[in-house]
Amino acid sequence: MKIGITGGIGSGKTFICQLFKAMAVPVYNADEEAKKLMNTDLRIKARLIAEFGEETYKGGKLDRAFLAEQIFSDKAKLELVNSIVHPIVIQAAKDWAEQQKSRYSLKEAALLFESGSYKDLDYTILVTAPLPIRVKRVMERDAVTEEQVMERINKQLSDEEKLKLADFVIINDGTTPLLPQVWTLHQKFLK
């Protein structure tokens, strides 16, 4: 079985994935793999250079700051980058999942619903947390301002929209115990 796990920035989806990993569940981190593929996949590199110029890569490495500057306030350019990167990352995730020997594997992706890749999965899990907690977590983790965090949050689908597409929800509010939630899903997926 292939299961997707997502949640808004600061929801704690990566931490939840660590709990699944501790139970020997393989986890594919689509966001991390996308960063790797943007530096190693020749198709992505060629398209990004064609669209944004040679300065997109410095010394063969993606200049993330340069690319971010290009797409920061231009939704069309952001969508263009996503249209270049997402199909290759989605295919890489499918290839990875096919190689797994466990009863199920997880695909962690911030844009699981936005990219449409959830349609290729058996189930989806949404990790939720109250907005103030998410903002605080990201401010501490990334050393950014509240305004910068809200800017990122506002570019993602809301939890309300994601809830309509999710099969299961894990509440990561700092008070609801996580392990029983993860364990219950783990047992369900093993059956």
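How do the residues of the lining of the largest pocket divide into nonpolar, polar and charged? They divide into 18 nonpolar, 14 polar and 17 charged. This is a predicted model, in which local features need pLDDT of at least 70 and side-chain atom pairs pLDDT 80 or more, while totals for chains, interfaces and linings use all residues. Residues are numbered from 1 along each chain as its sequence is written, and side-chain values use heavy atoms, without hydrogens and water.

**View 1. The largest pocket, with a volume of about 1,900 Å³.** The lining has 49 residues, and D31, R64, A110, L111 and Q156 lie nearest the centre of the pocket. Helix 5 (75-99) is among the elements that each supply at least two lining residues, and helix 5 gives the most, with nine. (A pocket is an open set of points on a 1 Å grid over the protein atoms alone, where a 1.4 Å probe fits, with protein on both sides within 12 Å along at least five of seven lines; lining residues have an atom within 4 Å of a point.)

**View 2. The packing of helix 2 and helix 3.** The two helices pack at an angle of about 75 degrees, with their axes 6 Å apart. Helix 2 is therefore roughly perpendicular to helix 3 (65 to 115 degrees). The contact (heavy atoms within 4.5 Å) involves L37, M38, N39 and T40 of helix 2 and L42, I44, K45 and L48 of helix 3.

**View 3. The aromatic pair of F20 and Y104.** The whole structure has seven aromatic pairs (ring centres within 6.5 Å; edge-to-face if the planes are over 60 degrees apart). F20 and Y104 are edge-to-face, at 6.4 Å centre to centre and 90 degrees between the planes. F20 lies in helix 1 and Y104 in the loop between helix 5 and strand 5, 84 residues apart.

Methods:
Points joined across faces, edges and corners; volume = space filled by probe spheres on them. Helix = DSSP H or I, 4+ residues; strand = E, 2+ residues; numbered from the N terminus. Nonpolar A, V, L, I, M, F, W, Y, C, P; charged D, E, K, R; others polar. Axes fitted to C-alpha atoms, helices over the stretch in contact; angles between N-to-C directions. Parallel < 35°, antiparallel > 145°, perpendicular 65-115°, else oblique. Phe/Tyr/Trp six-rings, centres within 6.5 Å; stacked < 30°, edge-to-face > 60°.
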